[in-house]
Amino acid sequence: MMSGESTVHPGEFVRNLRQFRYRELMMAVATVAVIVGAIGLFPGTANVTQGLKTNATTTDLVLFVALIILAAMLKGMVGFGFALIATPLAASVMNVDIAVIVLAVPPWMINVFQVGETNTGLGYVRREWSLIALALVGTVAGVFFFSAFKTSAVVVFLIGLVLFGYVLFQLGKGFVSIEGTHNPVALGVVGLLEGFLLGAANLGPLLPTYLHTFERDKERYVGGLSMVLGLVFTVKILQMLVTGVMTTYYLWLGSTFAVVTLVGLFAGTYLRRVEIDERKFNWLVVAILLVISLKIFSKTVPALFF
């Protein structure tokens with residue numbers, strides 16, 4: 001597994017940015033967009049906590065912020081996991097329905113950043129256009145579903161089952177690897193369901209697990225996921241803005257959380273670009289999926305069965 005350049009050269013980055021190089025431009029756009037949103041949409045000190053639970057303590061908020069920084073670091077390392085980790089955790093400081101809205105912004109920023117950082121561009125879009133198109137269709141349907149029915153505990157529980165089943169499959173098969181995603185029907189169905197789940201519940205484990213079976217090069221895996229997820233979250237945010245689901249306050253809160261996660265994203269990106277052998281990378285991916293599935297079960301099983 002090849003490693004990328006782990007050292008950041010600020011001078012070279014600035015020079016390339018001034019020349020509007022794709023990689024640096026995408027990374028800068030993602031970062032600046034959320035910083036501008038966090039500053040420009042500030043609702044005033046009296047309204048800062050209006051979207052949070054009234055019984056949420058300062059300790060709860062600090063712990064949540066620390067954990068989403070960790071989630072961003074893991075996303076930087078393995079290419080997925082932020083929304084899967086952060087959305088269930090958000091129940092400690094805000095209602096789940098609000099979390100689905102607010103926590104669409106940090107993944108948008110992180111994925112656009114990683115599209116640039118991995119230099120994934122139009123070549124991927126041309127090659128995987130059907131996957132992207134079906135994922136976007138699923139996203140639109142998912143947002144409409146969320147607007148009508150809100151997030152269902154049954155949907156979240158089923159997502160946990162998918163994750164747990166995949167972990168057992170990979171451990172049982174010894175990290176089976178299949179060269180190339182050559183089944184367009186299966187990939188299209190996965191893309192459609194991935195978009196729907198992200199639109200409806202902000203939880204989309206299907207595409208990361210599917211691609212992990214077929215794509216074991218770190219940079220291609222992270223870049224491909226980020227391109228699909230970045231476009232999905234772009235459509236989701238725009239649709240929520242148009243329909244009024246995403247208010248100015250929610251956009252500000254999401255941008256603020258996104259700014260906070262930059263620390264974790266930078267750290268995770270650095271760690272991924274340091275040489276990590278394939279087996280360690282696979283163990284890390286599967287371990288994250290296992291923890292997420294168990295966390296989902298801890299939240300949904302009591303609500304559904306007790």
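Biologist: How many aromatic pairs does the count come to?
Modeller: The count comes to nine aromatic pairs. Keep in mind that this is a predicted model.

Biologist: What makes Phe164 and Phe297 an aromatic pair, and why is it called edge-to-face?
Modeller: Their ring centres are 6.0 Å apart. The cut-off for a pair is 6.5 Å, so they qualify. The angle between the planes is 70°.

Biologist: Why is Phe164 called partly exposed?
Modeller: Its relative accessible area is 28%. Buried means under 20%, and exposed means over 50%. Phe164 falls in between, so it is partly exposed.

Biologist: And how do you class Phe297, buried or exposed?
Modeller: Phe297 has 16% relative accessibility. That is under 20%, so Phe297 counts as buried.

Biologist: Why is the pair of Tyr249 and Trp252 called tilted?
Modeller: The angle between the planes is 40°. Stacked needs under 30 degrees and edge-to-face needs over 60, so this pair belongs with the rest, which are tilted. The centres of Tyr249 and Trp252 are 5.7 Å apart.

Biologist: Where do Tyr249 and Trp252 lie?
Modeller: Both are in helix H13, three residues apart. That is about one turn of the helix.

Biologist: How do you know that the length of helix H13 (residues 248-273) agrees with its number of residues?
Modeller: Helix H13 has 26 residues. At 1.5 Å a residue, they should span 38 Å. The end C-alpha atoms are 36 Å apart, which agrees.

Biologist: Where is the kink in H13 centred?
Modeller: The kink is centred on Thr261. The bend there is about 35°.

Biologist: What makes the contact of Glu24 and Arg23 a salt bridge?
Modeller: The distance from N to O is 3.5 Å. The cut-off is 4 Å between a side-chain nitrogen of Lys or Arg and a carboxyl oxygen of Asp or Glu, so the pair passes. The structure holds one salt bridge.

Biologist: Which residues is Asn16 in contact with, beyond its neighbours within four places in sequence?
Modeller: Asn16 touches Arg21 and Glu24. Asn16 is found in helix H1 (residues 10-18). Its relative accessible area is 12%, so it is buried.

Biologist: Why is helix H4 (residues 82-89) called mostly covered?
Modeller: Eight of its eight residues are buried. Among them are Phe82, Leu84 and Pro88.

Biologist: Which residues touch the most other members of the largest nonpolar core?
Modeller: They are Phe64, Met94 and Met109, in a core of 81 residues. Helix H12 (residues 218-243) gives the most to this core, with 10 residues. In soluble globular proteins, nonpolar side chains tend to be buried together. Leaving aside neighbours within four places in sequence, the contacts of Met94 include Phe64, Val102, Leu253 and Phe257.

Biologist: How many helices and strands does the protein have?
Modeller: The protein has 14 helices and zero strands. Buried residues make up 50% of its 306 residues. Among contacts between residues at least 6 apart in sequence, 86% join residues at least 24 apart.

Technical notes
Residues numbered from 1 in each chain as written. Predicted model: local features only at pLDDT ≥ 70, side-chain atom pairs only at ≥ 80, totals over all residues. Heavy atoms only, no water. Helix = DSSP H or I, 4+ residues; strand = E, 2+ residues; numbered from the N terminus. Expected span 1.5 Å × (residues − 1). Bend = angle between axes of the 7 residues up to and from the residue. Core = buried A, V, L, I, M, F, W, Y, C linked by side-chain atoms within 4.5 Å. Buried < 20%, exposed > 50% of the residue type's maximum accessible area, 1.4 Å probe, protein only. Contact = heavy atoms within 4.5 Å.
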